[in-house]
Amino acid sequence: MQSVTLHIARGAPALAQLAAAAAVLDADEQARAARFRLDADREAYRAAHVLLRYALSREAAPAPGHWRFRRGAHGRPEIDTAACPDAGALRFNLSHTRGLVCCALTRHQPLGVDAECARALPDAQAIAERFFTPDEAAAIAAAGPPGSDAQALAFRSVWTLKEAYVKAHGLGLAMGLASFGFRLVGAAPARIRLRHAEAAQKDPPAAHWRCLLLHLDGRRCALAAAVPAAGGARFRVLLHGADAEPEVGLAACTPGTVLLPVERVTDAARIP
Ligand SMILES: CC(C)(COP(=O)(O)OP(=O)(O)OC[C@H]1O[C@@H](n2cnc3c(N)ncnc32)[C@H](O)[C@@H]1OP(=O)(O)O)[C@@H](O)C(=O)NCCC(=O)NCCS
């Protein structure tokens, strides 16, 4: 069974605590952080990259400050295995939005993660009709009246899953958003169904993906991970920060996934 670990830090104190350890970031990360105009975005970037480095160091020998990265063809960051031979087959992806950062780790298989904050989306239906599959657009239209919270939530669930899936492929915008579709079936936790448009040849095929959709204080966080053949996946969620207990719930998952109880990490020796 494929093991996937998702690290999440949310809330101002947790992000500030992580960002305060930004000395572990390399020159490229420091330069990218400096490019953000707004303090909140800069802090989220730093927090996400510090979290990633500590998360990686829980899995393999290099210390948080010793990880080195390179960028793939579409800008996807990966571990520089020449500089970090101890990394083995570790793979990761990260996402940052204001007030919430996360990273997901696994071995051998591609994975992607995305976090979205709650905000009004008056154009949800129009965006879905333009960019998503007809089935996705229909499901969003059926979720509630145009501009309603219910429709925005339905849109964000699909959007977050699609983004995680796009990121798992590492292709960014080069991947057609209507070439694959997600459907949420049943009441929460819903079952996630992934379909590829017939013409689209995806590798690995739809049956080999395991996805998870969480809700966190109104935000959405999605993970898409490939599994070998049609195997299962075990998801472990670690929640960083000693502040107030956030509500974390399973909104939806692919059949064949196991979500272990959410663990809270407040040990200062393990995370800055
Ligand atoms: C980078 C991208 C893949 C996601 O960006 P985003 O959702 O705005 O931001 P996130 O915080 O979730 O993710 C950014 C991180 O993804 C990683 N990333 C960058 N390029 C990537 C790629 N090609 N594939 C996977 N991950 C990538 C990076 O770690 C980046 O963070 P960093 O710059 O701090 O290192 C974006 O450029 C993109 O192409 N998104 C898909 C476009 C789209 O239309 N999505 C809608 C889906 S409904």
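Q: How do you know that the size of the protein chain agrees with a compact globule?
A: This is a predicted model, and its chain has 272 residues, for which a compact globule would have a radius of gyration near 19 Å. The chain comes in at 18 Å, so the two agree. For the overall dimensions, the C-alpha trace spans about 50 × 40 × 35 Å along its principal axes.

Q: Why is Gln-2 called buried?
A: Buried means under 20% relative accessible area. Gln-2 has 9%, so the residue is buried. Across the protein chain, buried residues make up 50% of the 272.

Q: What makes the pairing of the Gln-2 and Thr-106 side chains a polar contact?
A: The cut-off for the N or O atoms is within 3.5 Å, and these two side chains meet at 2.7 Å.

Q: Which residues does Gln-2 touch, leaving out those up to four places away in sequence?
A: Touching takes heavy atoms within 4.5 Å. Thr-106 turns up here too, along with Arg-107, Gln-109, Ala-226, Val-227, Pro-228, Gly-232, Ala-233 and Arg-234. Gln-2 itself sits in strand E1, residues 2-10, and the protein chain comes to 6 helices and 14 strands.

Q: What share of the contacts with a separation of 6 or more joins residues 24 or more positions apart?
A: In the protein chain, that share is 62%.

Q: How far apart do the centres of the positive and negative side chains lie?
A: They lie 2 Å apart, with 32 positive and 26 negative side chains in the two sets. As for the accessible surface, the total is about 12200 Å², and 53% of that belongs to carbon and sulfur atoms.

Technical notes:
Residues are numbered from 1 along each chain as its sequence is written. This is a predicted model: local features need pLDDT of at least 70, side-chain atom pairs count only at pLDDT 80 or more; totals for chains, interfaces and linings use all residues. Side-chain values use heavy atoms; hydrogens and water are left out. Helices (H or I, at least four residues) and strands (E, at least two) are DSSP runs, numbered from the N terminus. Buried means under 20% relative accessible area, exposed over 50%, partly exposed in between (1.4 Å probe, protein chains only). A polar contact is a pair of N or O atoms within 3.5 Å; within protein, one must be able to donate a hydrogen and the other to accept it, and residues adjacent in sequence count only if both atoms are side-chain atoms. The radius of gyration is taken over C-alpha atoms; the globule rule is 2.2 Å times the number of residues to the power 0.38. Accessible areas come from the Shrake-Rupley method with a 1.4 Å probe; for residues, only the protein chains shown count as cover. Lys and Arg count as positive and Asp and Glu as negative; His and the chain ends are not counted. The place of a charge is taken as NZ of Lys, CZ of Arg, CG of Asp or CD of Glu.
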